[in-house]
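Subject: Structure for you to look at

Hello,

Here is the structure I promised to pass on.

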Amino acid sequence: MSKLNRAWHDANPMPANPTLDQRVEWHLAHTAHCGCRPIPRLVLEELARRGIAVPETTR
Ligand SMILES: [Zn+2]
């Protein structure tokens with residue numbers, strides 16, 4: 001189920017030239033509020049490296 005949460009995106013733009021930390025934080029928040037796109041592989045790998053559970057709503 002992919003549904004764009006326009007209000008969340010308007011309030012939470014991805015920073016320009018984001019650091020990996022910023023990307024990880026953004027995608028975790030994004031996945032909790034919006035399902036318009038999956039978490040990129042690089043971010044998934046970083047979550048695994050940090051031992052952070054990947055939210056189920058990424059599918
Ligand atoms: Zn989205």
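Below is what I found, going from the whole chain to single residues.

Please keep in mind that this is a predicted model.

**The chain**

There are three helices and zero strands. The order along the sequence is α-α-α. The chain has 59 residues, and 20% of them count as buried.

**The zinc site**

Which atoms hold the zinc ion? They are NE2 of His9, NE2 of His30, SG of Cys34 and SG of Cys36. The distances run from 1.9 to 2.3 Å. The site is tetrahedral, with angles of 105 to 114° among the four donor atoms. Along the chain, the donors are spaced as H-x20-H-x3-C-x1-C.

His30 counts as buried because its relative accessibility is 0%. Cys36 is at 28%, so it counts as partly exposed; the cut-off for buried is under 20%.

**Helix H2**

H2 covers residues 20–33, which is 14 residues. From first C-alpha to last it reaches 20 Å, close to the 20 Å expected at 1.5 Å a residue. Its buried residues are Val24, Trp26, His27, His30 and Thr31. Viewed down the axis of H2, these buried residues fall within an arc of 170°, so they line one face of the helix.

What do the buried residues of H2 pack against? Their partners are helix H1 (6–11) and helix H3 (41–50). On the face turned away from the buried side sit the exposed residues Glu25 and Ala32.

**His27**

His27 also lies in H2. Its relative accessibility is 2%, so it counts as buried. What does His27 touch, leaving aside neighbours within four places in sequence? The contacts are Met14, Arg37, Ile39, Pro40 and Val43.

**Ile52**

Ile52 is in the segment after H3. With a relative accessibility of 32%, it counts as partly exposed. Neighbours within four places in sequence aside, Ile52 is in contact with Leu28 and Leu47. Ile52 and Leu28 are 24 residues apart in sequence. In space, their C-alpha atoms are 9.8 Å apart.

**Asn17**

Where is Asn17? It is found in the loop between H1 and H2. Most residues other than glycine have a negative phi. Is Asn17 buried or exposed? It is exposed, because its relative accessible area is 75% and the cut-off is over 50%.

**Where to start**

Then follow H2 and its buried residues towards H1 and H3. Finish with Asn17, in the loop between H1 and H2.

Best wishes

Notes:
Residues numbered from 1 in each chain as written. Predicted model: local features only at pLDDT ≥ 70, side-chain atom pairs only at ≥ 80, totals over all residues. Heavy atoms only, no water. Donors = N, O, S within 2.8 Å, 3.2 Å for Na, K, Ca; no water. Tetrahedral: all angles 85-135°; square planar, octahedral: opposite > 155°, others 65-115°. Buried < 20%, exposed > 50% of the residue type's maximum accessible area, 1.4 Å probe, protein only. Helix = DSSP H or I, 4+ residues; strand = E, 2+ residues; numbered from the N terminus. Expected span 1.5 Å × (residues − 1). Arc of directions from axis to C-beta. Contact = heavy atoms within 4.5 Å.
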